[in-house]
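Please look over the structure below with attention to its charged side chains.

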Amino acid sequence: MRSNGRRWASTGGGRVLIVAPHPDDEIAGAGGTLLLHLRAGDQVMVVHVTDGRGSRAQGLGPDAMAGHRRTEAEAALAGLGVSRWDWLGLREWEWEDAAAIEALGRALAIQVPDVVYAPSRVDFHPEHHRVARALAAALAAAPRIDPVVRIYQVHVPLTRVLVNLVAPIGAVLGETRRAAQAYATQQGSLRSCFRLKRYAAWSRAIPGAAEEFWELASGAYIA
């Protein structure tokens, strides 16, 4: 059954973990919602899993790109007001599953989240798939940590078949865009992500922009 999705809300005081396969995925998929959580008084932690060295933007080599993207991530998160950040720095395309599972397990233990924003496997990027699988394995290995999981979309829409939670982000769109400018190497990619946010709002008669999620229990995400 297709659903228009319920509206995002927070009563404040919660613990939120956003898992980003690459530096910029947190803004691409849930940047506005991240700001809504902070405004509501929730504690937000962002985990960047890979160092993003695989990007070929601006003609940079892999090591230079990795350095740029860490600097960009630090500036973007400062712009968003995020103070809790874990840079795992796994070398993109070169990491082992066990290393990601162990590192994500540590992040889960530090934050003990009520909500996890997670990458989607409805996606064309192999690294997004791998990080999603590693996160599922880390959650399975920590049964006492049982958050709600909200899968975000980056370039590939989840569609209304799967979306069951919608966050109107018009009130924080300008702030989200300004933070996104810190990712100078990824502007082409981010422009398409912001178009998706505008389309999501237009299709639901929401002013400005919206972010869409597939919310499910952690057990269902693991499965």
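Predicted model: local features only at pLDDT ≥ 70, side-chain atom pairs only at ≥ 80, totals over all residues.

Residues are numbered from 1 along each chain as its sequence is written, and side-chain values use heavy atoms, with hydrogens and water left out.

A salt bridge is taken here as a side-chain nitrogen of Lys or Arg within 4 Å of a carboxyl oxygen of Asp or Glu, and by this rule there are 14 salt bridges. The table includes three of them.

| Pair | N to O distance |
|---|---|
| Asp24 and Arg69 | 3.4 Å |
| Arg130 and Asp97 | 2.6 Å |
| Glu212 and Arg204 | 2.8 Å |

The salt bridge between Asp24 and Arg69 links distant parts of the chain, 45 residues apart, with Asp24 in the loop between β2 (15–20) and α1 (25–40) and Arg69 in helix α2 (residues 62–80); helices (H or I, at least four residues) and strands (E, at least two) are DSSP runs, numbered from the N terminus. Both Asp24 and Arg69 are buried, where buried means under 20% relative accessible area, exposed over 50%, and partly exposed in between (1.4 Å probe, protein chains only).

The side chains of Arg130 and Asp97 also meet in a salt bridge, and this pair joins helix α4 (residues 126–140), which holds Arg130, to helix α3 (residues 97–111), which holds Asp97, across 33 residues. Asp97 is partly exposed, because its relative accessible area is 28%. A network of salt bridges links Asp97, Glu127, Arg130 and Arg133.

In the pair of Glu212 and Arg204, Glu212 is buried because its relative accessible area is 9%, and Arg204 counts as buried because its relative accessibility is 12%.
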